[in-house]
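Subject: Structure handover

Hello,

Here is the structure, for you to look over. My notes on what was found in it follow below.

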Amino acid sequence: MCRISLNEINSDYQVIDLRDPYSYHHSHLRNSINISQININMLDKPTILICYSGKQAKELAMYYNSIGKDCYYLEGGYQSIVNQYKDAYY
C-alpha cells in the first residue's frame with residue numbers, strides 16, 4: 001500500500017500539500033510545498049501527497065504508483081496532524 005504515517009516522514013521525501021493556498025498558508029508541514037494536483041510534476045525523490053482528509057491524496061498516489069512512480073499519501077490527511085497535536089495548542 002502507498003500510505004505513510006506522520007512519524008515516517010523524513011527528509012528523504014518531497015512533501016506536496018494539495019490543499020488550497022489559504023489552508024496551506026495558515027498551517028503546513030515544514031519543508032512542504034503547496035501545488036495543485038494538476039501541476040504536479042513528479043520529482044526524482046520519493047513523494048508524499050497531503051490533502052485535508054487523505055482521500056484525494058490517496059487516489060492520486062495510487063495512480064502515480066500504478067505508472068511506476070514512488071509516491072505515498074499521508075494516512076488521514078492533514079486532519080490527522082491536527083488531531084494528533086490538537087492538545088498542544090490549548
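**Nonpolar cores**

Cys2, Ile16, Leu18, Leu49, Cys51, Ala57, Leu60, Ala61, Tyr64, Cys71 and Tyr73 make up the largest nonpolar core, eleven residues in number. Helix 2 and strand 5 each give at least two residues to this core, and the largest share, four residues, comes from helix 2. Apart from this core lies another, of ten residues, including Ile4, Leu6, Val15 and Tyr78. A nonpolar core here is a set of buried Ala, Val, Leu, Ile, Met, Phe, Trp, Tyr and Cys residues joined through side-chain atoms within 4.5 Å. Buried means under 20% relative accessible area, exposed means over 50%, and partly exposed is in between (1.4 Å probe, protein chains only). In soluble globular proteins, nonpolar side chains tend to be buried together.

**Basis**

The model is predicted: local features need pLDDT of at least 70 and side-chain atom pairs count only at pLDDT 80 or more, while totals for chains, interfaces and linings use all residues. Residues are numbered from 1 along each chain as its sequence is written, and side-chain values use heavy atoms, with hydrogens and water left out.

**Sheet and helices**

Helices (H or I, at least four residues) and strands (E, at least two) are DSSP runs numbered from the N terminus; two strands pair if DSSP finds at least two bridges between them. Five strands form an open sheet with parallel pairing, in the order 1-5-4-2-3. At its edges are strand 1 (3–4) and strand 3 (33–34), each pairing on one side only. Strand 2 (residues 14–17) pairs with strand 4 (residues 47–50) over four bridges, and Gln14 stands opposite Thr47.

Helix 2 (residues 55–66) lies across strand 4 and strand 5 (71–74), at about 170° to strand 5. Helix 3 (residues 77–85) also lies across strand 4 and strand 5, at about 45° to strand 5. Angles run from 0 to 180 degrees between N-to-C directions, with axes fitted to C-alpha atoms, for helices over the stretch in contact (heavy atoms within 4.5 Å).

**Salt bridges**

There are two salt bridges, each defined as a side-chain nitrogen of Lys or Arg within 4 Å of a carboxyl oxygen of Asp or Glu. Glu75 and Arg3 form one of them (3.7 Å, N to O). Glu75 is in the loop between strand 5 and helix 3 and Arg3 is in strand 1, so the pair ties together parts 72 residues apart in sequence. Glu75 is partly exposed, at 40% relative accessibility, and Arg3 is partly exposed at 43%.

Arg19 forms a salt bridge with Asp17, with the closest N and O atoms 2.9 Å apart. Arg19 is buried at 9%, and Asp17 is buried at 1%.

Regards
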